Amino acid sequence: VLLSFPIMLPIVNQMGVDVLWFVVMVAVVLQTSFLTPPFGYALFYLKGVAPKGVEIVDLYKAVVPFVALIVLACVLMAFFPVLVTGLPSLMLGY
């Protein structure tokens, strides 16, 4: 993220995409990467503190509803960008 944002943000801005919306979308999609294989760092942390008998496959199955909610949130934010930009616009008077 630290390497790609300085490259992507000016391009996204020139394309006319709201930068706030883009950053929020990237942040939400990054949450999915922490919960899904092959990396799934959060799953490995959970495996480390889980009681004996809990396998990594059990954790993968348990994460499915959360990943589904993240995907739903991304779809909603893609079709209704005001969900991301609405409150800041009201607060800042844009």
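In this predicted model, the end C-alpha atoms of residues 3-82 lie 28 Å apart. Helices are DSSP runs of H or I with at least four residues, strands are runs of E with at least two, and both are numbered from the N terminus. UniProt lists residues 3-82, in an unreviewed entry, as "domain: TRAP C4-dicarboxylate transport system permease DctM subunit". UniProt positions follow the numbering used here, feature names are shortened, and annotations may be inferred rather than shown by experiment. Residues are numbered from 1 along each chain as its sequence is written. Local features need pLDDT of at least 70, side-chain atom pairs count only at pLDDT 80 or more, totals for chains, interfaces and linings use all residues, and side-chain values use heavy atoms, with hydrogens and water left out.

The protein chain holds five helices and zero strands. From the N terminus, its elements run α-α-α-α-α. The radius of gyration of the chain is 17 Å, well over the 12 Å that the globule rule gives for 94 residues, so the chain is more spread out than a compact globule. This radius is taken over C-alpha atoms, and the rule is 2.2 Å times the number of residues to the power 0.38. Along its principal axes, the C-alpha trace spans about 55 × 25 × 20 Å.

Of the 94 residues in the chain, 21% are buried. Buried means under 20% relative accessible area, exposed means over 50%, and partly exposed lies in between (1.4 Å probe, protein chains only). The chain exposes about 7000 Å². Carbon and sulfur atoms supply 78% of that area. Accessible areas come from the Shrake-Rupley method with a 1.4 Å probe; for residues, only the protein chains shown count as cover. Contact means heavy atoms within 4.5 Å. Among contacts between residues at least 6 apart in sequence, 45% join residues at least 24 apart.

Two residues were examined individually. V12 lies in helix α1, residues 5-14. V12 counts as buried because its relative accessibility is 9%. Leaving aside neighbours within four places in sequence, V12 is in contact with V17 and F22. V12 and C74 are 62 residues apart in sequence; in space, C-alpha to C-alpha, they are 18 Å apart.

T32 belongs to helix α2, residues 19-35. Its relative accessible area is 17%, so T32 is buried. Not counting residues up to four places away in sequence, T32 touches V67 and I70.
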